[in-house]
Amino acid sequence: MLLFIEQILNGLQLGVFLFLVSAGLTLIFGIMGVINLAHGSLYMIGAYTCATVSMASGSYWLGFLAAGLAAALAGALMEVILMRRLYRRDHLDQVLVTFGLILFVNEAVTMIWGRTPLFMDLPQSLSGSVEIVPGAPYPVYRLGVILAGLAGAVGLWFLISKTRIGMLIRAGSTNREMVSALGVDIDRLYTLLFAAGAVLAGLAGAFAGPLVSVQVGMGESILILAFVVVVIGGIGSVRGALVGAILVGLVDTLGRAFLRDFLGLFLPPAEAAGMGAALSSMGIYIVMALVLVIRPKGLFPVAAGR
């Protein structure tokens, strides 16, 4: 039971990572109509920036802020230089251009930091553990990531649903020309939206830095999972991104932790180990397929931003 509780929390933590990445991705896709394969590169930029600044200054939190700023700047430049030319192009052009951008960013990161992975220490203030239930200590840092991600989800929902900027974003997703005719600088609004999505990805990279190795190409693996979350939750839905991310995180974590032992109740150990590893890797894709069969447009096929 204690192991199960720990793995549930690990699944929530993975889900929070995925939400921070996929929320920006689903908003950009749902509102701007752009498939941005380079969104994972912003996650990588945030991780590298956080690692570099925190190691140079000795402060993780300074690195955390720098990661958000660096990702926002990279996202704004990406939108101004490339994305504005892709809004009215078909999705194949968007895929080709943003795939090329992945290669460009990976080579640029290699030139600046090299291919040797970077490793970060946990921030001193969050380096301990706390007992959620008696006999089940859990790292404070991982709990902090879960709480920060949930707070970010609430903040993003409030921004999109309850503020004037959110109203303009939702209106722009419905009729860009009409919003522009009313005097709104739609290009600036889209740049701010793209930068906001980039900030979420960059902060996710900063959160991941102390838990994984920071290395070239780390954005591609998280991007695949983020697209699975977007498909499950529904394109353009923040609520769907949160639910889908937590579902993916729990299925992936619990499958890797318990599926082999469960199959061992019925199969020989060698077969249980092989089948358990295969099925746990396939688990999130099986869930995605089931969701698409039941609800072809995702769990929350609603207007963008809801």
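This is a predicted model: local features need pLDDT of at least 70, side-chain atom pairs count only at pLDDT 80 or more; totals for chains, interfaces and linings use all residues.
Helix α2 meets helix α4 through Ser 41, Met 44, Ile 45, Tyr 48 and Thr 52 on the α2 side, and through Ile 102, Val 105, Asn 106, Val 109 and Trp 113 on the α4 side.

**Packing of α2 and α4**
- Two packed helices are described by the angle between their axes and the distance between the axes.
- Here, α2 covers residues 39-57 and α4 covers residues 91-113, and their axes come within 10 Å of each other.
- The crossing angle is roughly 15°; angles under 35 degrees count as roughly parallel, and α2 and α4 are therefore roughly parallel to each other.
- As for handedness, α2 and α4 cross in a left-handed sense.

**Helix α5**
- Helix α5 runs over residues 140-162, and its 23 residues should span 33 Å at 1.5 Å a residue.
- Buried positions in α5 are Tyr 141, Leu 143, Val 145, Ile 146, Gly 149, Ala 153, Leu 156 and Ile 160.
- An α-helix has 3.6 residues a turn, so residues three or four places apart point the same way.

**Ala 289 in α11**
- Ala 289 sits in helix α11, which spans residues 269-294.
- Its relative accessible area is 39%, so Ala 289 is partly exposed.
- Ala 289 and Arg 84 are 205 residues apart along the chain, and their C-alpha atoms are separated by 33 Å.

Terms used. Residues are numbered from 1 along each chain as its sequence is written. Side-chain values use heavy atoms; hydrogens and water are left out. Axes are lines fitted to C-alpha atoms, for helices over the stretch in contact, and angles run from 0 to 180 degrees between N-to-C directions. Helices (H or I, at least four residues) and strands (E, at least two) are DSSP runs, numbered from the N terminus. Angles under 35 degrees count as roughly parallel, over 145 as roughly antiparallel, 65 to 115 as roughly perpendicular and the rest as oblique. A crossing is left-handed if the near helix is turned anticlockwise from the far one by less than a right angle, and right-handed if clockwise. Contact means heavy atoms within 4.5 Å. The expected span of a helix is 1.5 Å times one less than its number of residues. Buried means under 20% relative accessible area, exposed over 50%, partly exposed in between (1.4 Å probe, protein chains only).
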